[in-house]
Amino acid sequence: VRPATSAALNYSRRAAQWHRWWVDAVAANNTEALDMLARMPWSDTSVIVSSMRMMHEPRVFLHVVDLLVFERPAELETRESVGGLTALAWAARKGNCATALQPLITAGADLD
């Protein structure tokens with residue numbers, strides 16, 4: 001096993017810090033911060049999808065759905081680490097699901 005390089009450690013630290021910032025932005029319902037964080041190079045789609053479970057504000061949930069559809073269309077089938085749900089599954093579980101489901105389906109999310 002090779003020792004971790006300083007670049008790999010730096011990336012890991014940045015990714016961990018990004019994760020904390022993302023959770024804080026979700027908790028604060030701060031869509032401007034979510035926009036900025038989603039575009040950072042060490043952002044993680046599985047964390048974004050996992051955070052959908054803690055979104056209680058419909059405006060924030062729909063905003064994150066749009067971020068996934070427009071910023072990460074190739075990653076719509078990413079599953080969260082806890083329950084294995086996709087963004088589409090979270091949209092189906094949350095209220096106002098018709099508004100959240102349609103963009104995901106139109107963007108090509110798998111219905112199965």
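A residue is called buried when its relative accessible area is under 20%, exposed when over 50% and partly exposed in between (1.4 Å probe, protein chains only); at 36%, Arg53 therefore counts as partly exposed. The model is predicted, so that local features need pLDDT of at least 70 and side-chain atom pairs count only at pLDDT 80 or more, while totals for chains, interfaces and linings use all residues. Residues are numbered from 1 along each chain as its sequence is written, and side-chain values use heavy atoms, with hydrogens and water left out.

**Salt bridges**

- With a salt bridge taken as a side-chain nitrogen of Lys or Arg within 4 Å of a carboxyl oxygen of Asp or Glu, the count comes to 3.
- Glu80 and Arg53 form one of these bridges (2.8 Å, N to O), and the pair links distant parts of the chain, 27 residues apart, with Glu80 in the loop between H4 and helix H5 (87-93) and Arg53 in the loop between H3 and H4.
- Glu80 has 3% relative accessibility and therefore counts as buried.
- A salt bridge also joins Glu75 to Arg72 (4.0 Å, N to O); Glu75 is partly exposed at 35% relative accessibility, whereas Arg72 is buried at 10%.

**Aromatic pair**

- Rings of Phe, Tyr and Trp (its six-membered ring) pair if their centres lie within 6.5 Å, and planes under 30 degrees apart count as stacked, over 60 as edge-to-face and the rest as tilted; the whole structure holds 1 aromatic pair.
- The ring centres of Trp18 and Trp22 are 5.5 Å apart with planes at 25 degrees, so this pair is stacked.
- Both Trp18 and Trp22 are buried.

Note on methods
Helix = DSSP H or I, 4+ residues; strand = E, 2+ residues; numbered from the N terminus.
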